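Here are a few friendly notes to read alongside the model. Please keep the 3D view open as you go through the points.

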Amino acid sequence: MNDGDELLAESAEDLFEDAPCGYLFTRPDGTIARVNRTFEAWTGFGRAELVGERRFRDLLTVGGRIYHETHVAPLLHMQGAVREIAVEIVRADGSTLPALVNSVLQRDEAGDPRAIRTTVFDATDRRRYEEELLRARRREHETALQLQRSMLSGALPEAAGLDLDVAYRPAVQGLEIGGDWYDAFWLDAGETVGLVVGDVVGRGIEAAATMGQLRSAVRALASTGLAPGPLLEALDQYAGRHGVGELATVVYAQLALGPRTLRYACAGHLPPALVPPDGPPRLAWGGRSLPLDAHAGPPRPRAEGEEALAPGTAVLLYTDGLVERRSEPISDGLDRLLAEAAAHRAAGAAGLAGALVRRLRDAEHPDDVCLLAARVA
């Protein structure tokens, strides 16, 4: 190597180390393999604390880790790249850095994942990002709204010992509509009720039609007696076979009234909230897996969770419009949900659902909201 080549090599290395953005190279499982000085300086972590010791998602807030698990990782493996993903990175001192992240999946000659190259941009000034998120969409929304309302109509199950209600609010601005949906039906009359809340990617008539297909498929599969995990596995195969519901999220639960047990599975969906008659409400983190039709390879078994419920406990299934804000991590919204649920726990299902939607829905930038509340005596 001559002097000119050495100079170019040194310049390239300096450009990597001191670039105006953070650079990371991670292994396919997310373990950090290389970082630059800019990323070290922004986060306060030394290179030895990062390389081989942490995964990139370990540096994110709780909400960021959920979003990475349910959206970023599946999209990256399906599309090979993700662009301008908003996250918050937790620095070594506990403070957070708002960031926009771009990632590219690199594959070897055989097509297997080899590494992930990620660039991190300081997004403290998020005006451009906010403007993009706030861009309104118009065309067929009123028609879609009517279609979705007709699909969501129907009587909720009724029985002694069961208090069940739902609060559904479409977005107000421009009558925007998403694919939020719910369902509740008897599995064993008077004994076990099936509860479903889901969120389809996209808006408009297509999203509403997809929602209707998935809702019907869940009812049909539930009638065969499938448990929550196997039901979501079958729903995953249905989505892939028919090309509907890709990356849709669903939580399906079976609420047994006599033994007061909740058996559930979440395909990329936010965790159910459990509100006991006394003591702090909490999130049920079991039974988690990727969104529908998000696997790059063969279908995988879907995990299940099970909870024993004290008498008088309320179960809340909801969509992200209840807790998500465009200017803050989703963990803040989850904390607000638990706090408000504790404050209104004495109300019946209808009062609890209505109060939570009124208190938690983002009034400035409203999104579709669906909240299904069920209390067992």
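1. Let's start with a buried residue: Asp362 has a relative accessible area of 13%, where buried means under 20%, exposed over 50% and partly exposed in between (1.4 Å probe, protein chains only). Remember that this is a predicted model, in which local features need pLDDT of at least 70 and side-chain atom pairs count only at pLDDT 80 or more, while totals for chains, interfaces and linings use all residues. Residues are numbered from 1 along each chain as its sequence is written, and side-chain values use heavy atoms, without hydrogens and water.

2. Which residue forms a salt bridge with Asp362? The partner is Arg325, with the closest N and O atoms 4.0 Å apart; a salt bridge here is a side-chain nitrogen of Lys or Arg within 4 Å of a carboxyl oxygen of Asp or Glu. Asp362 sits in the loop between H10 and S16 and Arg325 in the loop between S15 and H9, 37 residues apart. Arg325 is buried too, at 15% relative accessible area.

3. Next, look at Arg359 and Glu340, whose side chains meet in a salt bridge (3.3 Å, N to O). Arg359 belongs to helix H10 and Glu340 to helix H9, 19 residues apart. Arg359 is exposed, with a relative accessible area of 55%, whereas Glu340 counts as buried at 15%.

4. Asp236 and Arg302 form another salt bridge, their closest N and O atoms being 3.2 Å apart. Asp236 lies in helix H8 and Arg302 in the loop between strands S13 and S14, so the pair ties together parts 66 residues apart in sequence. Both Asp236 and Arg302 are buried. By the rule used here, the count comes to 14 salt bridges.

5. Now find the open sheet of 5 strands, in the order S6-S16-S15-S11-S12 with antiparallel pairing. Helices (H or I, at least four residues) and strands (E, at least two) are DSSP runs numbered from the N terminus, and two strands pair if DSSP finds at least two bridges between them. S6 and S12 stand at the edges with a single partner strand each, so one side of each has no neighbour in the sheet. S11 and S12 pair over 2 bridges, and Leu274 has Arg282 in S12 as its bridge partner.

6. Finally, see how the helices lie on these strands. H9 lies across S11, S12 and S15, running at about 145° to S15. H10 lies across S6, S15 and S16, at about 25° to S6. Axes are lines fitted to C-alpha atoms, for helices over the stretch in contact (heavy atoms within 4.5 Å), and angles run from 0 to 180 degrees between N-to-C directions.
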